[in-house]
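Biologist: Could you take me through this model, please? I would like to begin with one residue and then widen the view.

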Amino acid sequence: MNISGEDFIRGCSAIGAGLAVIAGIGPGVGQGIAAGHAAAAVGRNPGAKSDVTSTMLLGQAVAETTGLYGLLVAMLLMFVKPLLK
């Protein structure tokens, strides 16, 4: 089996894109935990609903950036192919 340099780069790009998409697991778990704790906090103190909700949404937006960066890296590796001529 003879693998050219171009095929090797494409294969490594596909593997790298798959690993980059795995970065979406962490934000998903973190956001679920944050939403669960926020719901519990609102259940204990309904008067603080707006404060808890705004803090939760800000935290989830920050956590989501990791997943978006992973998706961006995966798209670049799959479609841009910067190492190929």
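**From one residue to the whole chain**

Modeller: Leu68 is found in helix 3. Helices here are DSSP runs of H or I with at least four residues, strands are runs of E with at least two, and both are numbered from the N terminus.

Biologist: Before we go on, what kind of model is this?

Modeller: This is a predicted model, in which local features need pLDDT of at least 70, side-chain atom pairs count only at pLDDT 80 or more, and totals for chains, interfaces and linings use all residues. Residues are numbered from 1 along each chain as its sequence is written, and side-chain values use heavy atoms, with hydrogens and water left out.

Biologist: Which residues of helix 3 are buried?

Modeller: Met56, Gln60, Gly67, Gly70 and Ala74 are buried in helix 3. Their cover includes helix 1 (5-21) and helix 2 (25-44).

Biologist: What span should helix 3 have, and what does the model give?

Modeller: Helix 3 covers residues 49-80, and its 32 residues should span 46 Å at 1.5 Å a residue; the end C-alpha atoms are 45 Å apart, which agrees. The expected span is 1.5 Å times one less than the number of residues.

Biologist: What follows helix 3?

Modeller: Lys81 follows helix 3 and has a positive phi, near 50 degrees. Leu84 also lies in the segment after helix 3.

Biologist: Which residues does Leu84 contact, neighbours aside?

Modeller: Setting aside neighbours within four places in sequence, Leu84 is in contact with Glu6, Ile9 and Arg10. Contact means heavy atoms within 4.5 Å. Gly24 is 60 residues from Leu84 along the chain, and their C-alpha atoms are separated by 27 Å.

Biologist: Turning to helix 1, is Ser13 buried or exposed?

Modeller: Ser13, which lies in helix 1, counts as buried because its relative accessibility is 8%. Not counting residues up to four places away in sequence, Ser13 touches Leu77 and Met78.

Biologist: And Ile15: buried or exposed?

Modeller: Ile15 lies in helix 1 as well, and Ile15 is exposed, with a relative accessible area of 56%. The C-alpha atoms of Ile15 and Leu77 are separated by 9.3 Å, although the two are 62 residues apart along the chain.

Biologist: Where does Met1 sit?

Modeller: Met1 lies in the segment before helix 1 and is exposed, at a relative accessible area of 96%. Between Met1 and Gly36, 35 residues apart along the chain, the C-alpha separation is 52 Å.

Biologist: Now the overall picture. What is the secondary structure of the protein?

Modeller: The protein has three helices and zero strands, in the order α-α-α along the sequence.

Biologist: What are its overall dimensions?

Modeller: The C-alpha trace spans about 65 × 20 × 10 Å along its principal axes. The radius of gyration is 20 Å, whereas a compact globule of 85 residues would have one near 12 Å. This radius is taken over C-alpha atoms, and the globule rule is 2.2 Å times the number of residues to the power 0.38.

Biologist: How much of the protein is buried?

Modeller: Buried residues make up 15% of the 85 residues.

How values were computed
Buried < 20%, exposed > 50% of the residue type's maximum accessible area, 1.4 Å probe, protein only.
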